[in-house]
Every structure is written in C-alpha cells, then in structure tokens.
Amino acid sequence: MALTVNRNMTRWIVIVASFIIISLILWNTYVFFQYFKSEERAKMKIWTNAYVEFSNDVNQIVAGSDDIVINKVAEDIVTDSTLTTPLLLLDANNKIISHRNITPFGNSTNPLELKKDSTYVYDNYKNLITTFSVENEPVMLKNLGQTLYYGNSPLLNNLKYYPLALVLIIFLFAAVAYFFYKSTKTADQNKLWTGMAKETAHQIGTPLSSLVGWTEILRGENVNPDYLVEIEKDITRLQTITDRFSKIGSLPTLKRCDIVQETIESYEYLKSRSSKLIDFEIVAPQEKLYVNLNEQLFSWTIENLVKNAIDAMKGRGSLKLVITNDDKHVKITVSDTGKGISKQSFNSVFQPGYTTKKRGWGLGLSLAKRIIEDYHNGKIKVLSSEIGKGTTMQISLKLIA
C-alpha cells in the first residue's frame, strides 16, 4: 500500500514539475520574443534617423551645395545589406518614398526581378500597410511628415513558431513516455497472469495425481467399467488443462501434426459435454493435413471458439465447423446462429477484457489470438457476422509437407 502511494506521489511530482518546466520555457520564449521585438523597433528608429540625415545631405547636394559631405555613418546604416526587416516609408500624402525587403522573389539582385518587386509593392502597399500596422506600431517622422511601416523580420517570424514546435516536441515526448509506461504496465500484468497460470497448473497437479491413484483403486473394485472410462477421460482433460496453463508465458514446442484429427478430437469432446439442444456439425476432408502445431494450445483455441459460440446462442442453435485447404494454408471456420457481433467490434473482441457476458474475464479470444498468431504464426479473425443471425470465426495456418 505504501509503495503504491509513493508511486502515485512520484507521478504527480513528475507531472507538476513537467508542467512548471513547460510554463517557464514558454514564458522565457515570450519574454525573448518581446525583447527581440523591442530591439528591432530600436533599429528601425535608428534607420529612420539615419535616413533623414542621409536624405537631407543628398537633397542639399542635388540643390548645388558644394560644402555638404554625405554622413558616412548615416549612409552605411541606410544601405546596410544585413538589414532583413521589411519596411515601407511613406510621405504625408501616403506616397511611397522608399521600401526594402518586400519581395516575393527572395531579395534577388536580378534587375528584372527587382522591377517586379517594386511593382508588387506599389500594387499591394495598402495591404502591406495594414499587415505591418498589426505587427508593429508605425514610426512617425514628425518633422518631415513621413511614416515608417515595418513588419517582423524573417528571424522574428520563425521565432513565433518556436513555442508551437517546442510544445509539439514535448507532446511527442509525453506520448512516448506514456506508451512506454503503458507497455511496461502491460508487461507487468502479463507477468502476473503468467505467474498465476503456472501456479494454478502446479496446484491442480497435486489433486490430479491423487485422482489417478484413486482410479486405479476403483479399477480393482466392482465398479462399472463405463464409469471408469468417463472418469479417465475427465482426468486426461484435466491433465491437458494443466499442461496448457504451464505453457503460458513460455515458448511452446511445435511438432508436425494432422490438424484434421486434432480438430475433430477437440470438437467431438466438447460436443459430448454440451447441451443436446445444439446441433453440432463438422465438415472435414478425408486426407491428412499437416501443420506445425502444439496440440494442447490448439485444442484450447478450438475450445474457446466453440464455447463462445455456445454462449452466443444461449445453449440453443446450430454450430458448424468446416476445415478447408488450398495449396498453402488450412482454414478452420466455426459458425454459430447466435446474437452476432457488430462490425465495429470485429477487432475489439480479441482485446483482453472484452466481453459481453455478465460472467466472464474476456480472455478467451485474446488467448486464442495469442496462441494462433504469436505461437503458430497463423491468423485468426471474425470472418463474418450479422446481428441476430450469427458469427463465423476463421483460423488460418500454414501447411507443411
């Protein structure tokens, strides 16, 4: 109990710590984004002031002033090729004075594409103004009546998606951790079931040995031989069940067997001990069909399919088993006239714990799937089913010479 409480406490601590770490990362990213945004605004103001200085110098030189020298610092700032922020400078009449880094052509140096860039800016400058105003507050040049509109730089735009990418990575990491935890928990459960099965086999073994001894004693008494035959059949059945449980969790030994004979024996045994209100039918080929098989586990599979069919029919109906084969596989179908299965449940019926019965563990078909697919490299599936009319299950195993 204390161990369980400690584990739950540890999980909550990990969850809370993860949430705090994620929150801190997102907050720091937001703070960095805002800081970077303020740095860009400061650069834009510097660029604006430099542009005003540079424009005044150029205008005075154009007007004929010989004593004016262009401010080299202002010129370098205005013409700085490392500036990647898209900007649009308008005069008081909203006419374009200058624009930079607004291009659908990747800032090409090709004169033809530069001309296309300018055409794009002049055709879309109103939309650009709206977009830039949403992204950043315009910089006003009050002395000149000009306005600088600028957008986010490519680096800043990429940085906007960084938190989303980070959250996605964290989500994927959490999903991997969850599935790892889930698979570990499932493995622990499988170990528990395996241990319980082996312990059950061990516990059954002691009274079973005693029953064998008592049978030998009864043989020397005046007991009806038919009774002894039936008792021996049930003892053999108990030995088979014990052998089945002992094999759970271990890799079973497969050997070359006639699957027709093994299927018929299992089917007939269940038929003799089932309700007389069920019409049993079996269709099997006359020739022998060999597969690699573990007789005890395969018999368990047939038993699970037949018992499920009987339960689905509530002890009254028709049950038919058919064995067919092609060049590579032998196929065994078990059909009943029970309540049927919805198509949505075709795969769910093989999941551990799935059951529609009030009493039941929901392990029969999951064990059958594991026996056929994991141990025998075969296939088992719901071949067809219709609500209120019945279900057909199919087993497919590979033939050998």
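**Labels and their criteria**

Mentor: Tyr267 counts as buried, at 1% relative accessibility. The model is predicted, so local features need pLDDT of at least 70 and side-chain atom pairs count only at pLDDT 80 or more, while totals for chains, interfaces and linings use all residues. Residues are numbered from 1 along each chain as its sequence is written, and side-chain values use heavy atoms, without hydrogens and water.

Trainee: Why is Phe280 called buried?

Mentor: Buried means under 20% relative accessible area, exposed over 50%, and partly exposed in between, with a 1.4 Å probe and protein chains only. Phe280 has 10% relative accessibility and therefore counts as buried.

Trainee: Why is the contact of Glu295 with Lys255 called a salt bridge?

Mentor: The term requires a side-chain nitrogen of Lys or Arg within 4 Å of a carboxyl oxygen of Asp or Glu. The closest N and O atoms of Glu295 and Lys255 are 3.1 Å apart, and the pair forms a salt bridge. Glu295 belongs to helix H8 and Lys255 to strand S5, so the bridge ties together parts 40 residues apart in sequence. Glu295 is buried at 19% relative accessibility, whereas Lys255 is partly exposed at 46%.

Trainee: How do you know that Arg256 lies over the face of Tyr290?

Mentor: A charge sits over a ring if NZ of Lys or CZ of Arg is within 6 Å of the ring centre and within 35 degrees of the ring normal. Arg256 lies over the face of Tyr290 at 3.7 Å from the ring centre. Lys369 likewise lies over the face of Phe350, at 5.3 Å from the ring centre.

Trainee: What makes the span of helix H8 close to the expected one?

Mentor: The expected span is 1.5 Å times one less than the number of residues. Helix H8 has 18 residues and reaches 26 Å from its first C-alpha to its last, close to the expected 26 Å.

Technical notes
Helices (H or I, at least four residues) and strands (E, at least two) are DSSP runs, numbered from the N terminus.
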